[in-house]
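Subject: The structure we talked about

Hi there,

Here is the structure I promised to pass on. Have a look first, and then read my notes below.

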Amino acid sequence: MRDLVEQLASNNRLDNASLGRLLAGCVADDALLQLLRDYAVRTAREQFGLGIYIRGLIEVSSFCRCDCLYCGLRRSNGSAERYRLTKDDILACCAEGYRLGFRTFVLQGGEDGTHTDSWLVDVVSTIRKTYPDVAITLSLGERSEESYRRLYEAGANRYLLRHEAADRELYNSLHPSSRGLEHRLECVAALKRCGYQVGMGMMIGVKGQTIDHIVQDLQLVSRMDCQMVGIGPFMPHSSTPLGGEPAGDLRLTLAAVAITRLMLPSALIPSTTALATLSPRGRLEGILSGANVVMPNLSPSDIRAKYAIYENKASWGKEAAEGLQALDEELQTIGYHIDYSRGDYNIK
Ligand code: 5AD
């Protein structure tokens, strides 16, 4: 098994059967997981040193037309509290974020039918004019290529669109009434054609997901050669059909993060909020598995609780934009620090 880690580290790839054995091995064997994570951390340090990039997360709307089984914002959840930020709200978040030192803003939201191209283009171009030096990341789900192109031309640079599941059956079972996996991947291809730095990713431990599914996810992410990869544990939300399911496994999540780092050495990989919510040390453990990005919450404080993709989502303290100093102190306990630069994707 140790050979598999070394092979992965030196070739940036492994066949399906070996990847599956490695993932399963890491769940059972502490020393193996530790070895994998040590290689991943070494690779991340070669690429990024001890700096961790920060991204200010602005949750622009909790309305969503989708009905994903796992997500608290699904349209069938009648008890979800819905809100939508105005352009002025968003600009106020950017002003506060810029003052705090953020140089990337992430506009994330449900698939809100009122978010027309012209409204979004206006918001993005205003941010672009006001802050010429920031990166603008969008995470607004599936849109047309024309829409993606207009937003790119308005000044957006990056787009996060997790593929959620590379296996068609698993994808369909989690996403009723969606346009399917092929459409999802066409959106990713369209984003690349437009020129965005693109992020993909998936949850670990969602109902129906096997080790073989995770192998397919990792191979897809590697094949697509994406610039960003978000991986976090599934977290149950009681007002969804998966509310009674257990949360994803911490060790399996860390193994998936570490493998991703070794497959894509220069990728930008967040230590996700879901990891920080699952375990008090989750954020640090993600970094100690090769992650190099943290995304503190920059949303207006009165709406933070309403953006509940899962319950008890961390959005305060070190997960909050106001908590950057606490975050930096936490990072320092493992020898890291916040890197305030824009942190674009670079091929070394
Ligand atoms: N647990 C963990 N992650 C979730 N996401 C959505 N719902 C959950 C949940 N219950 C993830 C999805 C989505 C991202 C914004 O959050 O992968 O793409």
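This is a predicted model: local features need pLDDT of at least 70, side-chain atom pairs count only at pLDDT 80 or more; totals for chains, interfaces and linings use all residues.

Residues are numbered from 1 along each chain as its sequence is written, and side-chain values use heavy atoms, without hydrogens and water.

In soluble globular proteins, nonpolar side chains tend to be buried together. Here, the largest nonpolar core has 103 residues; such a core is a set of buried Ala, Val, Leu, Ile, Met, Phe, Trp, Tyr and Cys residues joined through side-chain atoms within 4.5 Å. Helix α10, residues 250–263, gives the most to this core, with 8 residues. Tyr196 is among the residues with the most contacts inside the core. Leaving out residues up to four places away in sequence, Tyr196 touches Leu138, Tyr148 and Gln227, among others, where a contact means heavy atoms within 4.5 Å. A second, separate core has 10 residues, including Phe48 and Tyr345.

As for the fold, you will find 13 helices and 9 strands, which are DSSP runs numbered from the N terminus (helices: H or I, at least four residues; strands: E, at least two). The C-alpha atoms fill a box of roughly 55 × 40 × 35 Å along the principal axes.

Enjoy exploring!

Notes:
Buried means under 20% relative accessible area, exposed over 50%, partly exposed in between (1.4 Å probe, protein chains only).
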